Amino acid sequence: MTAARKYAAVALGCAAVLCLPLLGIPTSWITLMVYIGLAALVTVGLVILTGVGGMTSFAQAAFVGISAYTTAYLTTRYGLSPWLTLPLCMLATGVCALVIGLATVPLGGHFLSIATIAWGVSVYYLFGTVEAFGLNNGITGVPAIAVGGFEFKETRSFFYLVWPAVGLALLASSNLLSSRVGRAIRALHGQAELARACGVDTMRVKLTVFVFAAVLASVSGWLFAHFQRVVTPTSFSLEAGLEYLLMAVIGGSGHLYGALAGSAAVVILRGQLEGVLNGLFNLTGNYEVIVLGALLIAILHAAPDGIWSVVRRFCRLPAPRVPEGSTAPDVSPAAQPERGTPVLTIDGITKRFGGLVVVNDLSFQVRAGEILGLIGPNGAGKSTTFNIISGALYPEHGSVTFLGDRLSGRSPEYAARRGVARTFQHARLVPGMSVLENVALGAHRRGKHGALRAMLRMNVAEELEIFGLATRQLERLGLSSIMHRHAASLSLGEARLVEIARALALDPLLLMLDEPAAGLRHGEKQALAEKLRALREQGITVLLVEHDMGFLMSLVNRLVVLNFGTKIAEGLPCDIRQDRAVQVAYLGEAIGA
Amino acid sequence: MAPETSLLSVEGLGVSYGRTRAVDGVSLTVAPGSIVTLIGANGAGKTSTLNALMGLLSATGRLVLDGEDITASGLDERVAMGLALVPESRDLFGGMSVEDNLILGGYRSRSRRAIQHGLEANYARFPRLKERRTQLAGTLSGGERQMLAMARCLMVTPRVLMLDEPSLGLAPKVVEEVLRLVAELKRDGMAVVLVEQNARAALQIADRAYVMELGQIRQEGDARAMLSDPRIVDLYLGGQVQPA
Amino acid sequence: MDLTIFLALLQDGLVYGSIYAILAMAIILVFSVTRIVLFFGGELIVFSSLTMTALLSGSTPRILLLLGAICVLTAVHSVFRIRPLTVRGALVILARELGYPAAICVAGVVLAPLRMGPLACALLTLAIVIPLGPAIYRLAFRPIAQSSVLTLMMAAMGAHLVLTGAGLYVFGSDGVRTPAYLSGGVNLFGQAVPWQSILVVVVSLAILVGLWFFSTRTRQGKALRASAMNPRGARLMGISTDASGQAAFALAAAICAAAGILLAPLSTIYYDSGFIIGLKGFVAAIFGGLAYYPTALVVSIFVGLTEGFASFWASTFKEVIVFTLILPALFWISARALHSEEHA
């Protein structure tokens, strides 16, 4: 579906939705749609937070509540106009989210989720204990939203407040996700290491998403307060938070539109259940809770880890505008140092895991314009050395210096910013993005426009520049034909080349490749070796870790051989091959010899 | 070797990780009371083969143990049927004592006497473990951990014992000790499948050898004959060198 | 505040702290073996209290309905798992999974009106509540046992919702309270300490010691610890993760049942009182990093004491205080984890 046709379809859909209240549809359905819209606002944020960003939050309802109480309090106590309280609510909730986020987001993983439960419950109890908030009765008499003399009291009119808001939220989210920041967000879930290697400040990006989701929830809260005109704590309990999560889990099987589907499913189900169960039993109250809980469990059984990976795989966004190869603005490459001068110096690094010495007083140099191979049998410490250089691990002793800059003890983002680009052993690409977008992620540090400009689509020029850069790297490696293919559909050989293209997009001075030939067929290995030789001609320095000796022997300038974390040989390939110590290391020694 | 006389027979084993085919059409046979070794360069698929045989990985192909088709059996069943694996990571219970680790090795057996008997046999075979019986497994040296891992599997005598790189991370002297112990196991009638980095040492103690590369069997035959085969060097260190 | 009030609050804090302590043990036990966070521990405690109260007053405990429903669902689920599906196979499973629950239901119905003494009622309560543990594991968690911690967490939340909702239907919305099992008291430091309070602390200690003994001295206990330490290694030894999971849940249910029995005379229990109790045990378990028992123990007592003293000074804010306490705990744990794992 072309972009134009897609926009037309979306426009048609919007028009249809907006016409609904004018047709003779019963009010109860319109009310349902209002509630769906309110829920969708929160769920869109939650889908991005949890599905895309990988942070499971059980407490989005708390943010809805903060906003709802803020506006209810300000409009009833101080008589402020709701239109004034809207930006105030968004601001207040945003600030709260920032503070809570600073405390919560660094925790990561399941502790982050546990933290959301903790403060979610805290905030809920706070609502019920502060005198000014009316305790368990909440705040009543909240005024309706008014424009001129017209009050949005009736459901049918309120519909026209909610759904345009939902539309705007979807638009802003879509813009955000297809921007430079968006690519970083999409790399968060499961590929954070990769993002850092491209120079992304992952903590900052995570906070951005956290606050964004909270602000969306705050809009919902503001609308909710002025629709119900009564605000009580029960709407913002842990249960409510779980309900939003359920909506995100159900609907997460598609687009951002999945949030709409999930919200609709749960709201309608709840409405139906209340009717049915109230008819069957005399006691009201907790039956929907049983069904919702059971539904959550059932869905998790049906697709336990699959739902989020399904989201990522099918989260298709309109293909980004790609400039023509020749008219792409040319970004001047960083000046390469003179051939032969030392570029990377490893000096006496030692690393222990537990009691075991994994890298032992290792020293070597990588010189400009050469391809250096780091080899050794299994468990020799090659990957550890690699990770120390790239900043993923810290050595106990020794240092890593890159063009005079100390890299050891600093983050992977730092190394990336200094011009060290790396690939990964298992070809890490973000599965939900196209090849071009993956390579563009490598150019993350070339841009500077943040989330706000992205949402407002004020970053078009910068995006063109970034994509131009990415296109050129793909051309350099002969990958132009697969530019728009989905990353998940590539063969291993293609994926490895795309990784290299992404590393090149960083405009690196040193290219570090982690087992680039592993798993490739013979023909693919030849092709890769040729591409690497070509890059060497262009003046790029390469450090590579490899097992495949045949691949290496004709490719590298020099070899460094490790065994038990110690350097046992260094020199030209032909010499290494004859080296007795190397032979013993690889083939072993006969026992009793 | 005819499949009927083999204890363990593998036909067309295949393992895939996403796009990569780690093991492709591997067939091997293990005779009772023999040592079979699987050698090859890194990434050849040796560990994946062992894991698939144990049932830790899902795989295609056919597996027959002592005449019984066990292809459909899961890990728990294969353990009960007498397959044992000492993985590369050893998977010891670090926070528990040596003796507790051994006792748990005998978990399958209900009889207290059998476990006692197994303990004594292991302490006789590995006197160093007896010295350290109350020590926490996590504080043992590399060689002792390897011994404990093997002893654990031997508590209830397995029919086929599989060892994944037992010499990994061990000093040469210790390697000698460990591999000699492995050779002795054969005397007790057990079948052993050995995956080893130290190809030369492995070929010395094994009866039959299979050489793997890129997930496939490239060569198979008598282990001792392969020791003197120059092609092995090529396989590990690459072919002729071209100027860079 | 004078000494008597201080001592009274101290006593209260210790008593409630003991209950949070054994709940925290259960949470840590279950998490270390199965990676599931026991969000519904509070519900199990409270259901046990309500059952105990029912038995003491001679009425048939309505929890039997819940037990029956869950066991039937689990049995049906198990039947549809077997391949190939035969009538004989199905009957075997139904007999195996429904045999004990059916017997217990009969026992419950028959014995309840007899108005037995506290000890007999306690034993019957244990017999009724303990099978709920493994049944919930089989129904809700076994199919997704290999999933990520977050998926399991969401499922545990779902279980919490289901049990809370079912609780309303099964037990009704009234609150109940039993008279103390032991009357009278003893004089300590000039303070009248009721035997009931001493009973709670002593039984809690006994449970802790028992748990320690079980995991370090018995074969099954060691197997459970092994499963927690190294699941793959345990499986290679023939220790099935499924059996370990069910055992962990059975133990946790036993601990929660005991906690509920101890709790029943202490305060008025409603069908949803479990939530707040569960969360407090949860706080303590978090302080132990969901892994380390001694810390959780100490923190539980601290939580009990904080609660007691907070209720004297700032009663309305006591829940808020308790939950905000989790944040520094999480920080500390995460800082420690980062230190040992580094940047990767």
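This is a predicted model: local features need pLDDT of at least 70, side-chain atom pairs count only at pLDDT 80 or more; totals for chains, interfaces and linings use all residues.
Residues are numbered from 1 along each chain as its sequence is written, and chains are lettered from A and ligands numbered from 1 in the order in which they are written.

**View 1. Chain C as a whole.** Chain C contains 15 helices and two strands; helices (H or I, at least four residues) and strands (E, at least two) are DSSP runs, numbered from the N terminus. The radius of gyration of chain C is 21 Å, close to the 20 Å that the globule rule gives for 344 residues, so chain C is as compact as a globular protein of that length. This radius is taken over C-alpha atoms, and the globule rule is 2.2 Å times the number of residues to the power 0.38. Along the principal axes, the C-alpha atoms of chain C fill a box of roughly 70 × 65 × 35 Å. Of the 344 residues in chain C, 49% are buried; a residue is buried if 20 or more other C-beta atoms lie within 10 Å of its own, exposed if 12 or fewer, and partly exposed in between, with C-beta atoms placed from the backbone.

**View 2. Helix 1 and helix 13 of chain C.** The axes of helix 1 (residues 3-34) and helix 13 (residues 293-313) of chain C come within 7 Å and cross at roughly 140°. Axes are lines fitted to C-alpha atoms, for helices over the stretch in contact, and angles run from 0 to 180 degrees between N-to-C directions. The angle makes helix 1 of chain C oblique to helix 13 of chain C; angles under 35 degrees count as roughly parallel, over 145 as roughly antiparallel, 65 to 115 as roughly perpendicular and the rest as oblique. Residues are in contact if their C-beta atoms, placed from the backbone, lie within 7 Å. By class, the contact of helix 1 with helix 13 of chain C has 16 nonpolar, five polar and two charged residues. Here Ala, Val, Leu, Ile, Met, Phe, Trp, Tyr, Cys and Pro count as nonpolar, Asp, Glu, Lys and Arg as charged, and the others, Gly among them, as polar.

View 3. C:Arg35 lies in the loop between helix 1 and helix 2 (41-56) of chain C. Although C:Arg35 is not a glycine, its phi is positive, at about 65°. C:Arg35 has 22 C-beta neighbours inside 10 Å and therefore counts as buried.

**View 4. Chain C against chain A.** In this interface, 37 residues of chain C are in contact with 41 residues of chain A. On the side of chain C that touches chain A, helix 7 (149-171), helix 12 (274-287), helix 14 (318-324) and helix 15 (326-341) of chain C each supply at least two residues. Helix 7 of chain C provides the largest share, 16 residues. This side of chain C divides into 25 nonpolar, 10 polar and two charged residues.

**View 5. Chain C against chain B.** Here 14 residues of chain C are in contact with 18 residues of chain B. Helix 9 (219-229) and helix 10 (231-236) of chain C each supply at least two residues of the side that touches chain B, and helix 9 of chain C gives the most, with five residues. The axes of helix 3 (residues 98-105) of chain B and helix 9 of chain C come within 10 Å and cross at roughly 100°, which makes these helices roughly perpendicular. B:Asp100, B:Ile103 and B:Leu104 meet C:Lys222, C:Ala223 and C:Ala226 in this contact.

**View 6. Helix 16 of chain A.** Eight of the eight residues of helix 16 (residues 435-442) of chain A are buried, among them A:Glu437 and A:Asn438. The buried residues pack against helix 7 (180-186), helix 18 (460-476) and helix 19 (492-505) of chain A.

Terms used. Two residues are in contact if their C-beta atoms, placed from the backbone, lie within 7 Å.
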